[in-house]
Amino acid sequence: MLNVLLVEDETLFAKSVLKRLQREGHTATVMETITDANEYLEKSLPDVILLDVRLPDASGLDFLQSLRAHQSWHAIPVIMMTAYGELEDAVQAMKLGATDYLKKPVDLDELVLTLNKVMQTQKLSQQLDYSHVREAHGSEPVVMIGHSSAMHSIKQQMERIIQLVDRAETEFPIILINGETGTGKDVLARYYHQSGKWRDKPFVHVDCAALPKELIEAELFGYERGAFTNAHQAKAGLIEVAEAGTVFLDEIGELPIELQSKLLNVLERRQVRRIGATQERPVSAHFIAATNRDLPQMVADGEFRSDLYFRLNVIQLQMPPLRERKMDIAPLAAHFVAIVARRYGLDLPVFTETAVNALEDYHWPGNIRELQHVVERAVMMSTDGLIDIPQLIMQTTVTKSLQQDPVEVLGHMTLEQVEKYLLEKALERTAGNVSRAARELGLTRMAMRYRMEKYQL
Ligand SMILES: Nc1ncnc2c1ncn2[C@@H]1O[C@H](COP(=O)(O)OP(=O)(O)OP(=O)(O)O)[C@@H](O)[C@H]1O
């Protein structure tokens, strides 16, 4: 649906254009003079202007020139309507920056076609603004490694959902992916997009945790010119930009509660209203959301709206943590080795058996992302074509994860790992004073020395 401004003083012709545009589902406003058109533009921003050359108070060509020089209006597409036989006007209009032109008497079918063509080009350039988003998330083929039964089941469920969505005409279900950080929620969202028949449309990643609170609303829903200070030009929101593609609402648990009802409204009515706009625009995107938060708990605590949660609750997928799919660890590690080796032009190194065991025994609180980092570091340190997972790497990772969630992690460490960790901490606290460290741990000095040797501290 477009909002068209028609600047035309021939009333009958204006009426017929108006009627035709309404029939096509657009809205249009007629202004008979340049002065009126200027006043109109001060208040609202049309998607496109249909402009006659000869107008009572000034020339349409001069008006076009002033539009192109205007700070806020320069980007509005303008279709010029030139009198029959006046080819010069058409040439001049194009030189001055008209987007297209139509010859009078205007054929209404041709007008609709031209309007559609202009808007397609416009959309394309808007998409280009977001091309970085698409490139980073939409265009690279998704690699989703995992043969464990947990991953197999996730892929199966996703394929079933895609089949259903492909069959639906408009009412696409909303999908919610739950899972700890680094489990591959983002990867799964992109897999959804790339497996659907709408894969050529944009994939728009909205990170609700990364966007400043005060910007999320404007980014998601867009705004009209003058909707707030600094809104010098109207801007389409990410939901609009996604067209019939995918909007990935990452970390949806972080969406400010004031915006949750606005999002729910968009999801239910499939209409979006830019900030400051009076009209709504239809929404054709697919929505997929992800969170590592406990949404039911957030609902119970009054931090997340229950109605939005129920809406998201229809299709839920749970990404299993890496420790529950140990079978996937070795293939994932090999995948990351290949990536790093390719990046640095190295021969493909291989894991020692102890390294594989170490990787499989570890608890991976940071899941696949943590595995990726550990493997990257190990590959870079390997010099003989063999990858060991040096104590150092596991040690720093264990220490780091303990800082995150000691009780949870301790349950997944071996007795020796815990013992070594406690010794290290005691020595750190006492600045290397063995006697004091031993006392703190309830050990004799001899027992402490023995253990320090054992763990090469
Ligand atoms: N199945 C997989 N196969 C290959 N790589 C994967 C897989 N799952 C995740 N990864 C990689 O692991 C890293 C983390 O994945 P991703 O960003 O999808 O996790 P996430 O659950 O969205 O994390 P967060 O909650 O922190 O945003 C990424 O580099 C991703 O490419």
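Of the 18 residues around the ligand, those that come nearest are Ile145, Thr181, Gly184, Lys185 and Asp186, a residue being near a molecule if its C-beta atom, placed from the backbone, lies within 6 Å of it. The model is a predicted one, in which local features need pLDDT of at least 70 and side-chain atom pairs count only at pLDDT 80 or more, while totals for chains, interfaces and linings use all residues. Residues are numbered from 1 along each chain as its sequence is written.

The shell around the ligand comprises six nonpolar, nine polar and three charged residues; here Ala, Val, Leu, Ile, Met, Phe, Trp, Tyr, Cys and Pro count as nonpolar, Asp, Glu, Lys and Arg as charged, and the others, Gly among them, as polar. At least two residues of this shell are supplied by each of α8 (185-195), α14 (329-344) and α16 (367-381). Helices (H or I, at least four residues) and strands (E, at least two) are DSSP runs, numbered from the N terminus. Because domain 2 (133-320) and domain 3 (323-454) both give residues to the shell, the ligand lies between them; the domain bounds come from an automatic or database domain assignment.

An open sheet is formed by five strands in the order β7-β10-β13-β6-β14, with parallel pairing; two strands pair if DSSP finds at least two bridges between them. At the edges stand β7 (203-207) and β14 (315-318), each with a single partner strand, so one side of each is left without a neighbour in the sheet. On average, neighbouring strands of this sheet are turned by 20° against each other, direction ignored, with axes being lines fitted to C-alpha atoms, for helices over the stretch in contact, and angles running from 0 to 180 degrees between N-to-C directions. Five bridges join β7 to β10 (residues 246-250) in the parallel sense, and valine 204 has valine 247 as its bridge partner in β10.

Beyond β10, glutamate 251 lies in the loop between β10 and α11 (257-269). Most residues other than glycine have a negative phi, and most peptide bonds are trans. Glutamate 251 is partly exposed because 19 other C-beta atoms lie within 10 Å; a residue is buried with 20 or more such atoms within 10 Å of its own, exposed with 12 or fewer, and partly exposed in between, C-beta atoms being placed from the backbone.

Tryptophan 364, in the loop between α15 (353-361) and α16, also has a positive phi, near 50°. With 25 C-beta neighbours inside 10 Å, tryptophan 364 counts as buried. A cis peptide bond, with omega near -5°, links lysine 104 to proline 105, and proline 105 is placed in the loop between β5 (100-103) and α5 (108-129).

Strand β3 pairs in the parallel sense with β1 (residues 3-7) over four bridges, and with β4 (residues 78-82) over four bridges. The chain passes from β3 through helix α3 (residues 60-69) to β4 in a right-handed β-α-β crossover, meaning that, with the strands pointing away from the viewer, the path from the first strand over the helix to the second runs clockwise.
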